[in-house]
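Colleague: I am new to this one. Please walk me through how to read it.
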Amino acid sequence: MAEWFAHTFPNVVYLGWTGETGWWTSIVQTLYMTFISAIIGGLLGLIFGIGVVVTAEDGITPNRPLFWILDKVVSIGRAFPFIILLAAIAPFTKALVGTQIGMTAALVPLALGVAPFYARQVQASLESVDRGKVEAAQTVGADFLDIVFTVYLREELSGLIRVSTVTLISLIGLTAMAGAIGAGGLGNTAISYGYNRFANDVTWFATILILIFVLLVQLIGDFLAKRASHR
C-alpha cells in the first residue's frame, strides 16, 4: 500500500508530513484559520443577525434607523467578493494585528467576510420563530435578554446549528483563497505546490483532504441539529 501511494502520489510524499511545507502543517493552518475566524465572525454575525430581527418593524424593539443601518451593513458586507476584501482591508489588517501576511492576518478578512453571510442566515432562521411564542413571553413580563435567549435562540437552536454548519463549510472554502496573502493551509499547498508546479497529485490530495473536512463538518452539524430538534 505504501509503495503504491508513493508511486501514485510522488510529489505528495516529497512534501512530507512535517516541516514548513508538510501536510500536517497545512492541515493545522487550515483548522486554525477556519475555527478561530468562525468564532470571531460567528459572534459578529450572530449579533448583527439578532439586531436585524429585533429592530425590524415587527421585532420586539422596533427601531427603523438602527434596522436600516444594520441591514445595509450586512448587505454591503455580503456584496464584497472575498478576494477583493483581502486587498481592501489590508491596511486595517496591518493596523490591527501588525502584519498583512500569515495565518493571523488572514483571520481578519476571514472573520469580516463570513460575518455578513452568517448574519443573514441567523436572520432567516430567527424570523421563523412563532410570533405567538414571542408575544406570550412579553405577556408574562420577559425582558429583552430573556426573549432573545429563551425564545429566539432556544426555539431555533436546531436551525441555528444547521446554518452554522453551512457557514463553516463556506469558511473552509474561503481559507483556500486566504493563501493569496501567504496564509498557508491546504488551499495554498494545492495552488503553490500543486497547480503552479504542475504537480496534479498534490492538488488532488489537498482537495481530498478539504472534502474530508467538509464531510466531517456536515456530519457533525447534522448530528447536533437532530439532537437539538429532539430535545
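Modeller: From the N terminus, the elements run α-α-α-α-α-α-α-α-α-α-α-α. That is twelve helices and zero strands. Both are DSSP runs numbered from the N terminus, with helices (H or I) of at least four residues and strands (E) of at least two. This is a predicted model: local features need pLDDT of at least 70, side-chain atom pairs count only at pLDDT 80 or more, and totals for chains, interfaces and linings use all residues. Residues are numbered from 1 along each chain as its sequence is written, and side-chain values use heavy atoms, with hydrogens and water left out.

Colleague: How much of the chain is buried?

Modeller: Buried means under 20% relative accessible area (1.4 Å probe, protein chains only). Here 42% of the 231 residues qualify. The C-alpha atoms fill a box of roughly 70 × 45 × 25 Å along the principal axes.

Colleague: How do I read a helix pair?

Modeller: Two packed helices are described by the angle between their axes and the distance between the axes. Axes are lines fitted to C-alpha atoms over the stretch in contact, and angles run from 0 to 180 degrees between N-to-C directions.

Colleague: At what angle do α10 and α12 cross?

Modeller: Helix α10 (residues 157-177) and helix α12 (residues 200-229) cross at roughly 175°, with axes that come within 8 Å. So α10 is roughly antiparallel to α12, a term for angles over 145 degrees.

Colleague: Which residues make the contact?

Modeller: Contact means heavy atoms within 4.5 Å. Among them are Leu157, Ile161 and Leu168 of α10, and Phe213, Val217 and Leu224 of α12.

Key:
Buried < 20%, exposed > 50% of the residue type's maximum accessible area, 1.4 Å probe, protein only. Parallel < 35°, antiparallel > 145°, perpendicular 65-115°, else oblique.
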